[in-house]
Amino acid sequence: MTEERNIQSAYKVLLIGGYGFFGRRLAERLVLDPLLHVTIAGRDMAAAQVLADSLNRRTATERFSASRIDVSEAGLATRIRASQADMVIHASGPFQGQGYEVARACIEARVHYADLADGRDFVSGITKLDADARQADLFVTSGASSVPALSSAAVDELTGNFSELHGIDVGISPGNRTERGLATVSAILGYCGAAFPQWRAGRWQQAFGWQGLRRQNYLAPVGGRWLANCDVPDLQLFPERYPGVRRVSFGAGLELPLLHFGVWLMSGMRRAGLVQNWSRHAAILKKLSDLFIRFGSDAGAMHVELDGLGIDGEKQHRRWTLIAANGDGPYVPVLASAILAGKLARNQITRRGAFPCIGILKLEDFRDAMHGLAITTESNTR
């Protein structure tokens, strides 16, 4: 262990929102790295302590502790500094509508920062802090999640076979029996029926959340799923990262057609002006959707498809697919942050500044991080 890290014996991670839907799963993945000592933090000290105690019993160590931190209260930088953390992972969403108070506090406290955000404006806008992060010699990144961290890693690996990249299509569809968090539901409802720019035919065009229905076929046990437009960071970041691409799309879908088309109808109601923002009703709508949780499966999928011209000048289509079974789908969004923590602990990341989590991790990093989960991936060409 001293050969891997000779600066200090333990790397301290402060996990804000650590007992939440994704935070709890991230904490469970951090268990696997013996270099990491994790403080579970949030507004509910009792909940944080229960999880920390459970993880300590599981590991027969004292690597997990608990702390009460409310990110809305004054003095956040002081509390982060007092935690003696080397890195903060912000897992308390939804991030749509949030500011950068946590990231700014980390810079003030001289602590590395990553978050699980998937909000387009939030992730893209983290560059506002770049100069401050560089001056403080810190790694500050947003979007260490399924998008754009994992999706961009898949695109990066697939693009090696293209001379011209014309289109990028990304999609995610969770299993209906997979547990869902309120923050995720709120984020989806936030752009349900809302207009946003999408890169099509080489220019920005208007799209609407949860419109643009299309069918996507996945391998067993997932099968065919309906997808619809969703607003994610990839739509903003990919046209710039991959010059020449003429189309970037992202779709998400619900396994049960009843629920999927129900949200599609809700998007039409917002477009018609009957509802201003469905996210205000997220709690009750989640309870209604949970009435159907015994139906469907616990298997979900994610795909990244590229089309263009191969290095031989012929048309080429490549696809990367992830299948998550046994209800393990919610672990996918936390893998990137777990990987980053391990790499920072070992001084394997030297980049400094503030930027979206794109082009930082490789697909092989995620393959290693999936160990022990019912998650498989494959790539194919046609």
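The following legends describe close-up views of a predicted model.

**View 1. The open parallel sheet.** Seven strands are arranged in the order β3-β2-β1-β4-β5-β6-β15, and their pairing is parallel. On average, neighbouring strands are turned by 20 degrees against each other, direction ignored.

**View 2. Pairing of β6 with β15.** Four bridges link β6 (residues 139-142) to β15 in the parallel sense. Within this view, F355 in β15 has T141 standing opposite.

**View 3. Helix α1 across the sheet strands.** Helix α1, comprising residues 21-30, lies across β1 (11-16), β2 (36-42), β3 and β4 (87-90). The helix runs at about 165 degrees to β1.

View 4. A polar atom of the R346 side chain lies 3.1 Å from the backbone oxygen of G342.

**View 5. Surroundings of T159.** T159 is placed in the loop between α7 (146-158) and β7 (162-173). Its side chain reaches the backbone oxygen of D156 at 2.9 Å. Not counting residues up to four places away in sequence, T159 touches L165, Y242 and L306. The C-alpha atom of T159 is separated by 9.3 Å from that of G310, although the two residues are 151 residues apart along the chain.

Definitions and conventions
Residues are numbered from 1 along each chain as its sequence is written. This is a predicted model: local features need pLDDT of at least 70, side-chain atom pairs count only at pLDDT 80 or more; totals for chains, interfaces and linings use all residues. Side-chain values use heavy atoms; hydrogens and water are left out. A polar contact is a pair of N or O atoms within 3.5 Å; within protein, one must be able to donate a hydrogen and the other to accept it, and residues adjacent in sequence count only if both atoms are side-chain atoms. Two strands pair if DSSP finds at least two bridges between them. Helices (H or I, at least four residues) and strands (E, at least two) are DSSP runs, numbered from the N terminus. Axes are lines fitted to C-alpha atoms, for helices over the stretch in contact, and angles run from 0 to 180 degrees between N-to-C directions. Contact means heavy atoms within 4.5 Å.
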